[in-house]
Amino acid sequence: MNLRRIQREGLESLLAARRLGYGVVLLGRSIPEFARPLVDEFHQVDTYDREASLAAARELAGRYDLAGVANFTEVDVQLVAAIAADLGLRGMSASAALRARNKYAMKEALRHLGDVLPRFARVTGLDELRKALEEVGLPAVVKPTGASGSKGIFELRAPEDLEPAMERLAEIARPDFDPVFQQFGAEFIVEEYLEGDELSVEGFVAGGEVHVVTVTDKATSVPYHLELSHKVPSALPADAWAEITATTKDIVAGLGFDHCAFHLEAKWGGQGLRFIEIAARPAGDYIGSHLVPLATGVDYFENVVRVATGDPLRLEHDRELNAGLAFVLAERAGRFEEVGGLAGICEQAGFDHVFVEVPAGTEVALPPQNFGQQRVAAVIARHVERAGLDALLGRVSAEAVARVTATDGE
């Protein structure tokens with residue numbers, strides 16, 4: 001179902017299926033040119049239209065021996081569950097898929113985990129937000145219940161932050177701003193702001209068994225929480241890994257996830273693991289497609305296909321390396337020209353990939369006007385030691401510069 005927005009991740013998902021000997025039939029809103037040679041058939045459909053998508057899947061099932069249905073994107077979780085159920089394939093239950101997509105339903109299902117969760121409440125407007133904060137308290141974070149990709153996350157530090165945040169969210173949580181808001185619209189969750197180091201957990205659940213593959217350290221921007229860097233594996237000590245793994249299994253079981261990849265986001269600090277949210281799909285930002293394979297030898301995207309088809313998972317680590325990435329940010333709005341400073345960086349051993357995500361000449365806007373353009377490029381590196389990886393990624397932050405020409409008369 002569909003391909004990821006980042007073209008290289010889409011390519012890697014198709015190549016993974018091909019390596020396992022499967023043909024690929026793609027249902028989606030569009031097909032990029034790079035995918036055409038790797039797809040046996042493309043069926044164009046508005047995948048926000050569930051009935052049209054189900055009809056298309058049934059028609060394809062009449063002509064192909066379908067082994068499984070897989071999703072790599074957040075917005076397709078519920079649709080893939082519906083198609084799997086309709087065609088008798090492996091997939092999540094409808095109720096679990098809803099909990100995966102709606103951040104409030106997710107938290108409600110996990111209330112039994114107590115202090116692992118932040119204090120939280122569902123709100124639809126400013127008055128409800130003010131009332132909810134009497135219990136949740138400040139500082140807090142408010143965000144849409146059904147968004148993805150860090151769209152519409154606002155920190156609330158003082159009472160005067162509430163009104164501008166809700167005004168902006170009313171503009172953002174609309175399908176004409178982003179189609180993702182066709183699903184849950186202007187529904188929001190306000191949560192206690194959590195202190196600690198950010199991390200994510202990458203894994204799979206198949207036949208009710210939860211497998212944690214690795215833990216990722218991450219850094220995010222202030223105040224909009226765009227992800228800036230990822231490092232695999234986490235540098236946290238063994239006892240932290242043990243608690244993170246155990247709590248992750250409790251969360252996955254509590255939500256009823258099965259037959260899916262998962263990407264859990266949390267913070268680690270003095271109170272142990274504090275849960276933010278979990279997605280029932282592989283991690284983006286090249287974590288699943290590149291960082292996990294580089295660091296561990298586990299082909300994450302192949303295992304996404306294996307979960308969907310019921311093939312045995314292959315999760316054995318064959319190396320112990322450190323892999324990470326740093327994003328290059330546009331520091332102002334305007335016309336993106338190029339990323340300077342990459343030539344010297346790429347000459348050094350240890351840098352594996354450079355991906356320019358925004359085409360030269362694109363007019364870029366920054367959050368909160370746009371949440372998908374500020375990160376114009378990603379640089380991936382690996383090293384045998386964590387300190388060596390940190391040094392490599394530090395060069396990216398120090399030397400790589402997004403050159404943007406102002407177009408507003410300044």
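Buried denotes a relative accessible area under 20%, exposed one over 50%, and partly exposed anything in between, as computed with a 1.4 Å probe on protein chains only. The structure is a predicted model in which local features need pLDDT of at least 70 and side-chain atom pairs count only at pLDDT 80 or more, whereas totals for chains, interfaces and linings use all residues. Residues are numbered from 1 along each chain as its sequence is written, and side-chain values use heavy atoms, with hydrogens and water left out.

**View 1. The aromatic pair of Phe 72 and Phe 301.** Six aromatic pairs are found when the whole structure is searched, a pair being two rings of Phe, Tyr or Trp (its six-membered ring) with centres within 6.5 Å, called stacked if the planes are under 30 degrees apart, edge-to-face if over 60 and tilted for the rest. With ring centres 5.1 Å apart and planes at 65°, the pair of Phe 72 and Phe 301 is edge-to-face. Phe 72 belongs to the loop between helix H2 (50-61) and helix H3 (77-87), while Phe 301 belongs to helix H10 (residues 300-309), so the pair ties together parts that are 229 residues apart in sequence; helices here are DSSP runs of H or I with at least four residues, and strands are runs of E with at least two, numbered from the N terminus. Phe 72 is buried at a relative accessible area of 8%, and Phe 301 is buried at 2%.

**View 2. The aromatic pair of Tyr 104 and Phe 120.** This pair is edge-to-face, with 5.9 Å from centre to centre and 65° between the planes. Tyr 104 in helix H5 (residues 103-109) and Phe 120 in strand S3 (residues 120-123) are 16 residues apart, and their pair links distant parts of the chain. Tyr 104 is partly exposed, its relative accessible area being 23%, whereas Phe 120 counts as buried at 10%.

**View 3. Arginine charges over the rings of Tyr 193 and Phe 327.** A charge sits over a ring if NZ of Lys or CZ of Arg is within 6 Å of the ring centre and within 35 degrees of the ring normal. The charged end of Arg 157 is placed over the ring of Tyr 193 at 4.3 Å from its centre, and Arg 375 lies over the face of Phe 327, 3.8 Å from the ring centre.

View 4. Thr 248 is buried, with a relative accessible area of 0%. A polar atom of the Thr 248 side chain lies 2.7 Å from the backbone oxygen of Ile 244.

Conventions:
Polar contact = N/O pair within 3.5 Å; in protein donor to acceptor, adjacent residues only side chain to side chain.
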